[in-house]
Each structure stands twice: as C-alpha cells, then as structure tokens.
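Here are my notes on the model, as numbered points. Please read them with the structure open.

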Amino acid sequence: MTGDTPQQDLDQPHDLVGVGIGPFNLSLAALAHGVPGGLAATFYEQRPAFHWHPGLLLDGAALQVPFLADLVTLADPASPWTFLNYLKSRERLFPFYFAEKFHIQRAEYDAYCRWVSERLPGLRFGHQVDSVRWNPERRLFEVDFTQVDPEGEAEALGRAYTRNVVLGVGTEPYVPEPLRPLADAPGVPVIHSADYLTHRESLLRAGHVTVIGSGQSGAEVFLDLLRARPAGAERIHWLARTEAFAPMEYSKLGLEHFTPDYTRYFHALPEPVRDELVPRQWQLHKGIDADTIAAIHDELYRRTLHGGWPDAVLTPGVRVRTAGRVATTQVELHLEHVQQATRSRLTTDAVVLATGYRERPVDRMLTGLDPYLRHDSAGRPRVDERYRLVLDPSVTGSVYVQNAERHTHGVGAPDLGLAAWRSATILNSVTGKEPYPLPRRTAFTSFGLDAREAPGIPAQGRKLTPLVQQ
C-alpha cells in the first residue's frame, strides 16, 4: 500500500508499530494478524514493495533452510500465511508434492513473501521512518515518518503513536575498507554481490573478473560466471580470506545451534564469552552448501575433458591489502597470502564483492531514545531474552529488535528458521498472554552443564549435581 495513511493511524495509539518490512517483520505481521481478539499493528517500509535480495535470485539458487522455515509454520502451521497455503492458492500443491523438494529456490521464497505482503493488512510501503521517541506525558512512543513516492521523493510527513515498537531494518551490504573508495566511485567496475544480477551482462563482457568472498554468495556468483564464459577463456579469479572454500556445517546435531534451546543458552553466557564465540562459529552460517561446491568442481572438471585446465584460479587464505584504479577501466588489487606471508598484485577488469552483510545500526534511528538506552561494555544496545532493548525503567513500552541481536542471541539471529519462533516470542511478550504456545524443548543437545532454562521450560534430562571446589 502506498496510498494515504489512514487518519486513525495518526490519532489512535497502536499496540505495535514495525519499522521495516523484510522477512522477519513480515513474519511478525503475519502472526500478529492471527492474534485472537486482534492487535492494532502497522508496519512501515520505505521501499515501494517487498523484495528479498533481488540481485541474488539466480536461476536454480536454493534457499539454505527447508520450506518449513517460512514466515509462520514453525509457530502456527494452521496459519493462512504458510508456504503450503501459498502453493494451494496458486494451484501448485500437486506439482510441489511430486517435485519432492524440501529446499525451495530463493526466487520462489521471494515470490511467496510478496504474495503475503500484497494481501496482509496493516503494511504501509512507501513510508520511511525517520525517528522513534518516547513521550513520557502520553506514555507512548512517537514514530515520525515520511511518505515517499516510488522514486523516493518526499510527499507528506506523519506521526504514529504506539505502545511498542519492533525494529526490523535488516542488514546492508558490507564492503571491506580497502575497496570502499572504488565501490563508491561512479563507473568503477567494483560491485557488491547484492547487485550482481543488475550488472551480470556487463560482467560477462568483462575480460577478467575477480570474485572476493568464500561464502554461499561468492560460490554462486563464481559458478554462474564460470558456466557462462567460454571454455579455456574463463579468466576468473576467486579469492577468499578463509583458509579453505569450506562447506557449511549442515549435520543434524550441528543444526541444533539454530534452535531456541541454543539461543537461550547463548543469551545466558557472559558477554566476553559470547563475543569470543561468534567469530569461531563462522562455518555454521558462512560456509558453502555442499551441492554448490560439488557443482563448481563438476563444472571445472568438465572443462578438462579435452585436455588443458580452465583459466580459473581459486585461492583461499588471501586478503586484499589495498586496491586502486589502473587507467580508467581496470582495478589493481594488492594481495597478501597470510600463511605464506607473500604479497602479489592482480589486475582485473571487474570485481564482485561477495563479502556479506552487516546489521544496520539501530542507534541512528533511536537518537531520541538515547537517554533511555542501556548499552553493554562495547557500546552495543543490550537486548533481553525476549528481544527487547533494555531501557530505563521509566519507559513503560518496549522496543523489540529482529536480526540486530547476534551479539546477545548468537548465530541464529539472521536465520530464517528462527523467524516464526522469534515473532511468536515477541507477540507473547507484547500481549502479556500466550497466543502462540511455544515448544518446551527443541534440541537433543544439552548445551551446558549448568542448565539455565527459561521460565516454564523443563530441565533437559537428568539433573546434574554441581561440583564445589574445596
């Protein structure tokens, strides 16, 4: 919806206002729609419509979580907003049944989310939220927004009042410091993988292409370029900081790191332990799908059948020290191999940065709440177990965050598989009831000897007796 905001949005206080409409807040909106008795909830998004990583919706690229990790199923499988109901509405249930696909394509997930966003009430696209403040007299949050046209030009200003706010502003592409000047300069062939499809044709015409990044996006971009370029003249480099092009941890017990049980365990750990743990767990969410690795090897091997090797170089363990332009059309990368302690230069015609995403800082939007915010020792917002920012007790409302809490809730924060559970947790907190009863246990693994369970959650297995040192 991009029309005028209804007057009641401005005059009547909401129970909940959402900032941003990505998959996580869309999940929250879908489950909020099913709360018994109704919930006055409105969600604002500056874009004119829902889109999920449009630059990476490559043909055949699969979602890395099963289709059951849709917006609602793992909290409410009877919801009208399930992926299966989407298929039913499209008369595609039987084809899906015979396809036997547990992992769907990313393009299909995007189409499903757009189907939900186009039918769910309470979504306001074309509305950019500018600030959030606490009004102590009214005991409500003030949410100031600008209504914008499809080109992003301001059309009108507005304000909504709400008892609770949820921030789902998502992530933004990360560009390493040495490459930022080039990525920001117009006309320089250095792009982030988030914009890959937009630039794909020019990349295929480039004489030499370098892909930087060892995760799934880097692997998919490399594979797509490899398949599209002629045998023997591929002229592609694939570089990564990691020590190997490593597979993602996808064992069944390994996946239990993406359960509510592990999230509760991680949240209860001391802050220094959490900070030390997250970087070590990169292979849980930054590795490459095993099928993609196999497809890359198969394609490279196929190109050796008539003798010779493909003109493709894959080198892990490399970091980019500096980068600059050569003449007007090329880029020179100054490289360092960490293990060998050697340095080299690489001249290339185009660079694709598959260097991931970073959480958008919520502090800028919450400047008006700064006197009330509580921070940890690193200056980050503190987030409690129910995904609420820790605020001064004088603030009677709550500000919730989605995918901005990896430092407090662990590697599952950006995972789609926990979206419905987190949304249900937030709605249970907002309503003070339990419209969505949550599972009492979700993992076979007991993650600690000292089982710090959430209220109402039973201990896992036989209780252990703590040892007391003499």
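**Notes on the predicted model**

1. E108 lies in helix α5. Helices here are DSSP runs of H or I with at least four residues, strands are runs of E with at least two, and both are numbered from the N terminus. E108 counts as buried because its relative accessibility is 16%. Buried means under 20% relative accessible area, exposed over 50%, and partly exposed in between (1.4 Å probe, protein chains only). Leaving out residues up to four places away in sequence, E108 touches F83, L87 and R92. Contact means heavy atoms within 4.5 Å.

2. A word on the basis. This is a predicted model, where local features need pLDDT of at least 70, side-chain atom pairs count only at pLDDT 80 or more, and totals for chains, interfaces and linings use all residues. Residues are numbered from 1 along each chain as its sequence is written, and side-chain values use heavy atoms, with hydrogens and water left out.

3. S117 also sits in helix α5. S117 is buried, at 8% relative accessible area. The S117 side chain reaches the backbone oxygen of R114 at 2.9 Å. That is a polar contact: a pair of N or O atoms within 3.5 Å, where within protein one must be able to donate a hydrogen and the other to accept it, and residues adjacent in sequence count only if both atoms are side-chain atoms. Not counting residues up to four places away in sequence, S117 touches L26, F50, L123 and F125.

4. Now the cores. The largest nonpolar core has 49 residues, and L26, F43, Y109 and Y112 have the most contacts inside it. Such a core is a set of buried Ala, Val, Leu, Ile, Met, Phe, Trp, Tyr and Cys residues joined through side-chain atoms within 4.5 Å. At least two residues of this core come from each of α2 (23-32), β2 (41-45), α3 (83-89), α5 (106-119), β3 (123-125) and α13 (419-431). Another core lies apart from it, with 26 residues, including L223 and V352.

5. What does Y112 touch, not counting residues up to four places away in sequence? The list is D70, L71, V72, W81, T82, F83 and Y86.

6. L84, L93, F94, Y97 and F98 form a nonpolar patch with about 570 Å² of accessible area together. Helix α4 (residues 93-99) gives the most to this patch, with four residues. L84 lies in helix α3. L84 counts as partly exposed because its relative accessibility is 37%. Patch residues have over 30% relative accessible area and no salt bridge; like charges are joined within 9 Å, and nonpolar side chains (Val, Leu, Ile, Met, Phe, Trp, Tyr) within 5 Å. Areas come from the Shrake-Rupley method with a 1.4 Å probe, and for residues only the protein chains shown count as cover. A salt bridge is a side-chain nitrogen of Lys or Arg within 4 Å of a carboxyl oxygen of Asp or Glu.

7. R200 lies in helix α7. The side chains of R200 and D224 are joined by a polar contact of 2.6 Å. Neighbours within four places in sequence aside, R200 is in contact with D224 and A228.

8. G207 is in the loop between α7 (196-205) and β10 (209-212). G207 counts as partly exposed, at 31% relative accessibility. Not counting residues up to four places away in sequence, G207 touches R229, R235 and D349.
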